[in-house]
Amino acid sequence: IITHVSGFSDITKPQIAYFVSYIFVFSFFVIIYIPITRSKLLSILREKAGHMSEKTRRTHHSLAQALTIHAVLPIVVTIAMIVLTVAQETYDLHSITIERLEFDFAIMPALVNPVLILYFVQPYRM
């Protein structure tokens, strides 16, 4: 089933298809959860805005932006993985290279998140 170091030889096999389907279904629950949580966070910040200094308000707004972008990254990864999976199924491309691309997309949040923290969190800016 698994070839070389990473990648599946054929995504149409039942075990592999089940695994990939699980990843996609779980991701959609996360996608639904993000806007709900973000709206609750922003409403709490609006309620407490009168009790905060301008600097604290800007810091909280910046952190809310960073958290939103962090939360959206799985959506981007899921869309990229769906596109690659559909391309495999539509064009009958069962390539280990395409499977490795999915792994490359999957690690993207781990590479982007530290940069986002450095950009959005005020104490880390230079």
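A residue counts as buried when its relative accessible area is under 20%, as exposed when over 50%, and as partly exposed in between, with a 1.4 Å probe and protein chains only. This is a predicted model, in which local features need pLDDT of at least 70 and side-chain atom pairs count only at pLDDT 80 or more, while totals for chains, interfaces and linings use all residues. Residues are numbered from 1 along each chain as its sequence is written, and side-chain values use heavy atoms, with hydrogens and water left out.

**Figure 1. Overview of the protein chain.** Of its 126 residues, 26% count as buried. The chain holds four helices and zero strands, in the order α-α-α-α from the N terminus; helices (H or I, at least four residues) and strands (E, at least two) are DSSP runs, numbered from the N terminus. Among contacts with a separation of 6 or more, 61% link residues 24 or more positions apart, a contact being heavy atoms within 4.5 Å.

**Figure 2. The salt bridge between Glu54 and Arg57.** A search of the whole structure finds one salt bridge, defined as a side-chain nitrogen of Lys or Arg within 4 Å of a carboxyl oxygen of Asp or Glu. The closest N and O atoms of Glu54 and Arg57 are 2.8 Å apart. Both residues lie in helix 2 (residues 54-90), and because they are three residues apart there, about one helical turn separates them. Glu54 is partly exposed at 45% relative accessibility, and Arg57 is likewise partly exposed, at 32%.

**Figure 3. The largest pocket.** Its volume is about 340 Å³. Of the 17 lining residues, Ile23, Ser27, Val77, Met81 and Ala106 are the closest to the centre. Helix 1 (14-48), helix 2 and helix 3 (96-106) each give two or more residues to the lining, and helix 1 gives the most, with seven. By class, the lining has 13 nonpolar, two polar and two charged residues; Ala, Val, Leu, Ile, Met, Phe, Trp, Tyr, Cys and Pro count as nonpolar, Asp, Glu, Lys and Arg as charged, and the others, Gly among them, as polar. A pocket is an open set of points, on a 1 Å grid over the protein atoms alone, where a 1.4 Å probe fits, with protein on both sides within 12 Å along at least five of seven lines; lining residues have an atom within 4 Å of a point. Grid points are joined across faces, edges and corners, and the volume is the space filled by probe spheres set on them.

**Figure 4. The second largest pocket.** This pocket has a volume of about 200 Å³. Its lining includes Val30, Tyr33, Ile34, Arg38, Leu67 and Pro74. Helix 1 and helix 2 are the elements that give two or more residues to this lining, the largest share, six residues, coming from helix 1. The lining divides into eight nonpolar, two polar and one charged residue.

**Figure 5. The surroundings of Val121.** Val121 is found in the segment after helix 4 (108-120). With a relative accessible area of 14%, Val121 is buried. Not counting residues up to four places away in sequence, Val121 touches Ser62, Leu63 and Leu116. Val121 and Thr59 are 62 residues apart in sequence, yet 7.4 Å apart in space, C-alpha to C-alpha.
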